[in-house]
Amino acid sequence: MFKFTILNKGLILFLGLYTLQSCTKNTAPIEISSTHFYNSVDKVTKIMIHDIFSPPVASRIFVYPNIAAFEIIAQNNKNYNSLTGQLKGLTAIPKNKNPKVNLNLSAIIAHIELSKQLIFSEEMITTYRDSLYANWEKTNKEELEASKHYALEVAKHIKKWMATDNYIQTRTMSKFTVNSDDPSRWQPTPPAYMDGIEPHWSKIRTLVLDSSSQFKPKAPPVFSLEKNSEFYKQLMEVYNVRKDVTEKGDTSKEISIARFWDCNPYVSVTKGHLMFATKKITPGAHWIGITKIACKQNNYSFEETVYAYTKTSLGIFDAFISCWDEKYRSNLIRPETLINQYIDEDWKPILQTPPFPEYSSGHSVVSGSASTILTSIFGDNFQFDDDTETPYGLPIRTFTSFNQAASEAAISRLYGGIHYRAAIDEGLKQGKNVGGLVVQKVKMKN
Amino acid sequence: MNKFTLNIVLMVLFFGCKKDSGYLFKILPEKTTGITFSNTLKDTTDQNILDYLYYYNGGGVAVGDINNDGFVDIFFISNQSRNKLYINKGNLKFEDISSKAGIEGNSTWNTGVTMADVNGDGLLDIYVCAVVGTNGFIGHNELYINNGNETFTEVSAAYGLDIDNYSSNATFFDYDLDGDLDMFLLNHAIHTQESFGKADIRNKRNYESGDKLFRNDNNHFTDVSEEAGIFGGPNGYGLGIAISDFNRDGFPDIYISNDFHEDDYYYLNNGNGTFTEALKQYFGHVSKFSMGSDAADVNNDGFTDLLTLDMLPEDETILKSSIGDDDIQIQELRTSVYGYNYQYARNMLQLNQSGSSFTETALLSGIAASDWSWGALISDYDQDGLQDVFITNGIPKRPNDLDYVKYISNNQIKKKLKSTNLIDQEALKYMPEGKLNNAFYKGTPNLEFINQTKEFASQEATFSTGLSYADLDNDGDLDLITNNINAPASIYINSTNAKKNYLKIQFKFSKKNKLGIGTKVFVYANGTMQYKELFTQRGFQSASQPIIHFGLDTLKTIDSIKVIWPNNKYQVLRKVAVNKSLTVEFNNEAQDFNYSSLHENKHIDFEQVKNNLGINYKHKENKYTDSNRSKLIPYQISDRGPALAVGDLNNDGKDDVFLGSSKYFDSEIYIQEDSLFVKKEFPVLKKDAITESVSAIISDFNNDKSNDLFVASGGGEFFGKAQPLSNKLYRVLDNDLIKLQLPENFEDTAVIKAIDYDSDGDLDVFVGNATISNNFGSIPESYILINNQGSFTKKSLGKLGMVRDAVWTDFNNDKQLDLLIVGEWMQPTFLQNNGGKFVDKTSTYIKQSLEGLYRAVIPFDVDSDGDLDYLLGNWGTNTKFKATETYPMLMYYSDFDKNTKTETIVATHKNDNYYTLEGLDELSSELVSLTKKKFTTYKDFAGKPINKVFDAELLEKAKLFKVYNLASGILKNNQGTFSFIPFDNRLQVAPINCFAKIKKENKEQVLCAGNYFGIKPYHGRFDGFAGALITNENNIALGHGLGLNFFNKAVSKLQTITINNKQYLIAVIHNGNVQVYNIK
């Protein structure tokens, strides 16, 4: 009751001021809905596809703008707690003192501004932003200007924090060293033979994890080409699964699952004399897509939407750091390389092998983390139709829960021929640990 | 007419004339010639660039006098439509007799063509290649036997030549010297290669894509590929054939150009019906996307050289928006794991080193980058006695455009692939067109070619593929014909005419090989020699006129002509007049030719000792790639070892040998015993294995009458105050090495040179340091270690530069020893010893800007004038680095992106601007915050000079290094001052790493050696320098003729050693076995 009164007082004062303004300038307040947020994130996702960001880098592009938006809405909303003190190094954003500011509008603007900083093709985002501005300007120029001013102030604050996450230093750190004398060591894979991406991602500052190795998975099965070894058995499983699903054909459940969860931002294709890329969203972006589906399904408000996106993206961000820490610790060779070398030189996986070491499976870790967080927000047994991949020519799949989706995403890597089983099982566990920690430690909502 | 009008008339006449005669070639319009043929492509469901890999490869041209009327006729391939035969009616008028002749063809997709008298009836027949068995392509290769009345009959089946596979091209020649013409059929795979696969899959046999050799057994052709040792695997992407007796043993050899990752094949004819493929043994590296080729002697040494084409553009905008070279680590995988040779995407000019190996000089020769090139014909078009080059160019769509591949194709292609296989104009529209001028290069006497594309002809850009030369108007000079995609064929008429002299020869050899295919001709005139062979299939999918043509400049008489017939009998013609068409007939009294006479004069000065006298040291470089850590570093800095030192270590009066090692490997000491060296183990060397030993001296440093060992450590792998960087002094005591104290040194030491510079009776040491790890561009201090009765103190000489070598000599003749220091990105530096004080007197001694990438220096009186000159080993000019006195190469050094790590950016001059050597992706790998936002497409970046890529302020703040000179050469002493004279181009093909003095009959000579592999695939590989023996400035002999085995090896140190009063040479090979030579 007490709370309500305070809020009411504030609201009355706010509305009072507003009415005054509206009377003098004949302007209406700018309405910000969750759709604005979906659209902004979708826009940034599209630009990421165009610009070709690897999955770990993409997770960073999602998380900071979300945090900026969340911090803006959380400051005057008793339902939400600021992340200050909860995320490593994040200090309180400047408080808004201008009553003309529409905080939801500021949240969207800060989100766009930070996204712009993080992607390459700025023109794509400024065109989008400017068309929004043009509309808002027509509605209420003063409110827009004030909100913009505040948004940029917050964005600046977040940028400063962001700049200390070691990202820029890791850009110039050494490349992964290929050493083909070590038979277990990861090597670049066909067809593009790209360098191992982000070999130093474990040096990126975590947000919630105390260190990148906090949930270090157990070591992968010991590399061995002895027929009876666990490693060899798992290698042969990849080979045999490929064989089975090929016999079952393109319409088999396994192939559908593998393709649905491919989430490879850059698949390099050569056909005839043409080289080209088929580009899709990353695993992180897929789970952001599922977050949108869940928010929509629950008719989430703008604030609730920002909250759900932010929390999920925190889990995805730390999941990538955790996973990449292990990837460049174990530096494990991909099944494709070994099968080509020792079993069948013409063998190709259903999916294109992505350019980094095998263990643990990135999609498994990320899915484990994101699904745990989403379950904590929306509950278990949350049925949804996942249409995230339809723009990339893939069908809709229906899931009964986030956990079911995560398990399917994980096993898809075996069907796709790009991971051994251990990377999937241990990866999923690793991800659930990361997600669980976020759920346990980060108190965003009261 | 007044004076004024006259002037105008004269001017018009003058300019009119000049315009007309200024060009060597005049391109005749189709209206004039009657040749309206155009190779028109029309995309269909099966025939398009998405479904057929080689859809844009165009068609061939073959020329020959099919009706024996003395005029050369022309046959054109149409890929999709009717092939055409034009009869030359004289006066450059042609008539299309295709339909009547019955040669228009029945295959869906035609490719190459050749003319040869297959059945030995004295009439030229025509063989047409086709792609059959894919995409619904039907038909087979066709053999049109000439009926003698301008009609032909297709009889391929009867001859066993109705091959229905994926043919590119065929050539008829007598490989087994049984008198008749056999055939090599070049095929190409059509699948797109996604994974490398092991190189040895070429040993499999695949009917569709495997190359084939056919033996002519009385007009029936038998496939003998397998028994003859011809690869027939599924991965041959054969696009070029060059036939020549490359190794000069009397039997024709074959060079096959393969596209993509498959190596080219070099088949040496064993003379018994079989071939040995030996590419890796003879070629250090080859073109990667090898297309057409031509074989001819370009340097008049009597051995056939080879030009293979690729697709490297010169134009900055195209270059920087096209897919670049392999990553260095991928190159390593490709070569060491998958078994391929080194391949780089550029034209390669392979100079035949008397059959022993090929030295590749395309960058030095200025012929490496002619863009998307199909066929080359090497001939003397301007008849000045030097070979010129003509290259056909152009591709309707550039599939390697980075923006297309990365950004545009996704949306454009994806929907197309789903709906239909036909990729329509909409999807291709965004792929840039590559319409280009065909290129002309004019030969010079010094291995360089001058681009004369604009000067030799006024051309329109085309997509030209097949090409032939022929004397179409019988005026003695060579005209050119090209087959163009979607445009009429081009006829280039040569207007050299009588301005320069020529000789045209045709042959009458035997019944079955009347035209004498395989005949070799040497022409000797006025002290010059030229050499040619008659093989008609040249260029790309095409055949030229079966004649041999020589340009003779102003020479009026040929002293003699030596004709070696295909059966290896020869005859000599003497005193032959020029400017005529000569027919040489086989003379039954022709004698057997002795091929060993062509290999004579091989003076073996160095004879490799089989057992290496027991010095069985193999240097192994540890796997460390500097550019993995410093991605923009211009070359490796961690691969400059190993060290070599010679001296008596055990006080027995005999010289022993120390050999350094790279990180993780043990340095080794070999003790000289009676006749052999024996390796002696020293535990301390094992303990110090972690160091990278790059320079060493054996001498008595503590005046105890026994020698010590001083070892300098370097490399870019260790950083900070890492112990492995410290230099070491070992004292030999009781058969053991005891480490002595030295002042601290944590720099990358490159050279140590000991001398008693202060004349106090003990040895002082100059320590030259090169780089600072992880901070290339930062300069370390170099210094002298002053010896005070065995203990050393440092005397700094300051930050001299990236020092690589130094010599102590008295260059000002004041009886005090001075230092001459050379290094990278620095001027050779003269430090004059003024009573123990070193004063930089460089500007007194050198007036030129000579900053280079020097690696070695040696004093030597090269002009025998009594004063000391110096020889400088530099980077060489066979490189993508470019530096001149006017336009030095630049290197900016700074922390550009302000992340506390410094970077270097190299830029070179091209067309009035400086451009970064590295492309957008490479720059972004280190400077992503500065590049990726600024340039969101490759098009934005490509063609931008460096000051448009980086902000002016950023560049101004950076430290700027310059290199003005890349040539190795002589710093010549002109009475006290020095001027630089470059060595000739034979010594500029690779970096020169080291020198050694050789004493012969009391006369000093200098041996130099080099080669270097510490560069990214962008630069290629410096593997072709066989060393050289310098007697004086005018007498320099290349190593392969002296018995030196330095081809394809990076020689890091040379030193002589006396064993039992005989002089030997020790050559230390980086990443290889030490070589010991007996000096004769």
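How many helices and strands are there in chain B? I counted 19 helices and 73 strands. Helices here are DSSP runs of H or I with at least four residues, strands are E runs of at least two, and both are numbered from the N terminus.

**Ground rules.** I am working on a predicted model, where local features need pLDDT of at least 70, side-chain atom pairs count only at pLDDT 80 or more, and totals for chains, interfaces and linings use all residues. Residues are numbered from 1 along each chain as its sequence is written, and chains are lettered from A and ligands numbered from 1 in the order in which they are written.

**Confidence.** I looked up the complex scores: the predictor gives an ipTM of 0.92 and a pTM of 0.95. Then I went to pLDDT, the predictor's confidence in each residue, from 0 to 100. Chain B averages 94, and 96% of its residues score at least 70. Residues 1–20 of chain B are below 50, and this stretch has 1 contact in the model beyond near neighbours in sequence. I take a contact as two residues whose C-beta atoms, placed from the backbone, lie within 7 Å. Chain A averages a pLDDT of 93, with 94% of the residues at 70 or above. Its residues 1–24 stay under 50, and the model has 7 contacts for them beyond four places in sequence.

**Chain B overall.** I checked the radius of gyration, taken over C-alpha atoms, against the globule rule, which is 2.2 Å times the number of residues to the power 0.38. Chain B has 31 Å, close to the 31 Å that the rule gives for 1080 residues, so it is as compact as a globular protein of that length. Its C-alpha trace spans about 100 × 80 × 70 Å along the principal axes. Of the 1080 residues, 56% are buried. Buried means that 20 or more other C-beta atoms lie within 10 Å of a residue's own; exposed means 12 or fewer, partly exposed is in between, and the C-beta atoms are placed from the backbone. Among contacts in chain B between residues at least 6 apart in sequence, 60% join residues at least 24 apart.

**Chain A overall.** I found 14 helices and 4 strands in chain A. Its radius of gyration is 23 Å, close to the 22 Å of the globule rule for 446 residues, so chain A is as compact as a globular protein of that length. The C-alpha atoms fill a box of roughly 80 × 45 × 45 Å along the principal axes. Buried residues come to 52% of the 446. Of the contacts in chain A with a separation of 6 or more, 80% involve residues 24 or more positions apart.

**Interface.** I looked at where the chains touch. 34 residues of chain A are in contact with 39 residues of chain B. On the chain A side, helix 6 (167–171), strand 1 (267–271) and strand 2 (274–278) give two or more residues each. Strand 2 of chain A has the largest share, 5 residues. By class, this side has 12 nonpolar, 15 polar and 7 charged residues. Nonpolar covers Ala, Val, Leu, Ile, Met, Phe, Trp, Tyr, Cys and Pro; charged covers Asp, Glu, Lys and Arg; the others, Gly among them, are polar.

**Sheet 46-47-48-49.** Next I traced an open sheet of 4 strands in chain B, with the order 46-47-48-49 and antiparallel pairing. Two strands pair if DSSP finds at least two bridges between them. Strand 46 (693–699) and strand 49 (736–740) are the edges, each pairing on one side only. Strands 46 and 47 (708–713) of chain B pair over 6 bridges, antiparallel.

**S713(B).** Which residue of strand 47 stands opposite S693(B)? I found S713(B) there. Is S713(B) buried or exposed? S713(B) counts as buried, because it has 29 C-beta neighbours inside 10 Å. Leaving aside neighbours within four places in sequence, its contacts include T691(B), V694(B), P724(B) and T749(B).

Last, I followed strand 69 (1028–1032) of chain B. Strand 68 (1003–1010) joins it antiparallel through 3 bridges, and V1006(B) stands opposite I1030(B). Strand 70 (1035–1038) pairs with strand 69 over 4 bridges, also antiparallel. N1035(B) in strand 70 is the bridge partner of N1032(B). A hairpin of 2 residues joins strand 69 to strand 70 of chain B.
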